[in-house]
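Here is a short briefing for someone meeting this structure for the first time. Look over the sequence and the model, then read on by topic.

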Amino acid sequence: MAMAQPQADVQRLRNFINGQWVEADAAGTDPVYNPATGEVIAHVPLSGAADVDRAVRAAAAAFDRWRETPVFHRARVMFRFKQLLDEHADELAALITREHGKTLAEARAELERGVEVVEFAAGIPTLIMGKTLELVGTGVDAEMYRQPLGVCVGICPYNFPAMIPMWMFPLAIACGNTFVLKPSERTPLTATRLAELLAEAGVPEGVFNVVHGGRETVDALLAHEEVRAVSFVGSQPVAAYIYRTAAAYGKRVQALAGAKNHMIVLPDADLDYTTEAIVASSFGSAGQRCMAGSVLVAQQDVADKILELLVDRSSRMKIGPGDEPEVEMGPLIRDQHRERVKGYIQIGEEEGARLIADGRKTPVPERGFFLGPTIFDGVSPDMRIAREEIFGPVLSAVRVKDVDEGIALINRSAYGNGAVIFTRSGAAARAFRRHAKAGMLGINIGVPAPVAVFPFTGWRNSFYGDLHANGEDAINFYTDRKVVTTRWL
Ligand code: NAD
């Protein structure tokens, strides 16, 4: 693999503060790569406490005016933003593919899921409505209002450069808050473009700000006295750290974390459909999705057949740069991440699992961070490849005697993001729906990520906090409730 050296003539990104693009004070930068070629396409500044302070103070200064802006005006800004996102969809999808590596079809799909949140946020006049109750006492009435908090912060992972920022800022801003976004330092370009479009949509200066950076930037955001709430999406250890640290500073926190998602297949499933759904779930975005299926839980009578179909189908996947036609799987985000995923393949072999598709041997383009689809059979639930998040195109197959054993397996996982079942049996599907300990379930759906009107409900180590992203949870997360009890004499 040839990796280009960082070049001085490649653009250095700037922060977006108070409606202006400004150079970060911080001298340090990280290279941003096109993972399909290994080329450096930008340098991202690693903003420090002074940069963060500037952004948060701008957001704090903009708050009083924005919170007094009528709710229909805030809704109209979302309508305009949605329209701009639609108009620029091709350009944004190309940008996502360029910095992340996923296919253009996957980039468009991610964008659409982000746009759905903007559409949901445009309904803010009804979403933010309070409640009233007459006669809570003789001559006494009560009413409840929702009011914005102040400065909210979003800290994002690399794997959805458009969608995950849009899980955060449209709803926060529509509620009347101001916002500081810290995009992933590995995929910061799309967020930069979103900031431009949001400004074009009419969001006033200071209401939406972007500070680029990494760990030090995050720590400065968590500690800042003017920050009221922190939305985080990323890996489990960092989510746990963010939850503890931000809470210790007295912030409201929602921290969405890593995953290990199971897919039960029963003998009565439609196997052709199931094969396509599993391949898309496990190998789509090269396995870099928090809702990717990574453990196949095959009932023993169907295990040989479904594995044969999966090996055959995945061996025919077209792997290459995401912007080339018919490519089904792009690269991993970095060479270092590819090495980590290969390390897990080796661990699986050492643990005694049987490698039936070895992605290290798949022919892939020479440049870029590609790795082929990998499938292990004969995995036991205690193996690391069955328990730990790999976040790459690796599927581990465990055989079970029936649906109850499959559900019990899911329920022993430390994570609880998603789980799916493929079956024609209503009784099995009902048992799964009722007893599986995961927050987002799919019945004959490979990637059961909820649409924006529902919360994104990870359980156990897949989520820290109580109010989730999206849905009514998000409205409650980004507002304080105020209850007024009145007697007029
Ligand atoms: P990551 O945890 O490495 O980074 C996420 C963010 O945290 C980045 O903005 C990064 O700058 C910051 N960060 C990293 N290390 C930090 C530290 N020590 N202190 C403070 N901040 C730090 O995650 P990633 O690799 O970018 O994203 C992939 C992970 O995100 C996977 O584990 C995936 O499952 C998870 N994810 C979860 C969801 C969900 O909804 N639950 C969605 C998407 C991704």
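Three strands make up an open sheet, in the order S5-S6-S22, with antiparallel pairing. The edges are strand S5 (131–137) and strand S22 (479–487), each with a single partner strand, so one side of each has no neighbour in the sheet. From one strand to the next, the twist averages 25°. The model is a predicted one.

**Pairing in the open sheet**
- Strand S6 (residues 140–148) and S22 run antiparallel and are joined by 9 bridges.
- One of the pairs is Glu143 with Val484, its bridge partner in S22.
- Strands of a sheet pair through backbone hydrogen bonds, and the pairing can be parallel or antiparallel.

**Strands S18 and S19**
- Here the strands run parallel: 4 bridges join S18 to S19.
- Gly418 stands opposite Met440 in S19.

- Thr423 sits in the loop between strand S18 (418–422) and helix H15 (426–435).
- Is Thr423 buried or exposed? Its relative accessibility is 6%, so Thr423 counts as buried.
- The side chain of Thr423 makes a polar contact of 2.7 Å with the side chain of Asp268.
- Leaving aside residues up to four places away in sequence, Thr423 touches Leu266, Asp268, Ala269, Ala428, Ala429 and Asn444.

**Helix H7**
- Helix H7 (residues 189–200) has 12 residues. From first C-alpha to last it reaches 17 Å, close to the 16 Å expected at 1.5 Å a residue.
- H7 is mostly covered, with 9 of its 12 residues buried.
- Among the buried residues of H7 are Leu189, Thr190, Arg193, Leu197 and Leu198.
- Gly202 follows H7 and has a positive phi, near 110°.

**Helix H11**
- How far apart are the end C-alpha atoms of helix H11 (residues 300–315)? They are 23 Å apart, which agrees with the 22 Å that 16 residues should span at 1.5 Å a residue.
- At the start of H11, a side-chain oxygen of Gln299 comes to within 2.8 Å of the backbone nitrogen of Asp301.
- The buried residues of H11 are Val302, Ala303, Ile306, Leu307, Leu309, Leu310, Arg313 and Ser314.
- The cover over these buried residues includes helix H10 (271–283). It also includes strand S12 (261–265), strand S13 (293–299), strand S14 (354–357), strand S15 (374–377) and strand S16 (394–400).

**Cysteines**
- How many disulfides does the structure hold? The count is 0.
- A disulfide is a covalent bond between the sulfur atoms of two cysteines.
- Cys175 has 0% relative accessibility, so Cys175 counts as buried.
- For Cys290, the closest cysteine sulfur is in Cys156, at 13 Å, which is too far for a bond.
- Cys290 also counts as buried, because its relative accessibility is 15% and the cut-off for buried is under 20%.

Notes: Residues numbered from 1 in each chain as written. Predicted model: local features only at pLDDT ≥ 70, side-chain atom pairs only at ≥ 80, totals over all residues. Heavy atoms only, no water. Helix = DSSP H or I, 4+ residues; strand = E, 2+ residues; numbered from the N terminus. Buried < 20%, exposed > 50% of the residue type's maximum accessible area, 1.4 Å probe, protein only. Polar contact = N/O pair within 3.5 Å; in protein donor to acceptor, adjacent residues only side chain to side chain. Contact = heavy atoms within 4.5 Å. Expected span 1.5 Å × (residues − 1). Disulfide = S-S within 2.5 Å. Pairing = 2+ DSSP bridges. Axes fitted to C-alpha atoms, helices over the stretch in contact; angles between N-to-C directions.
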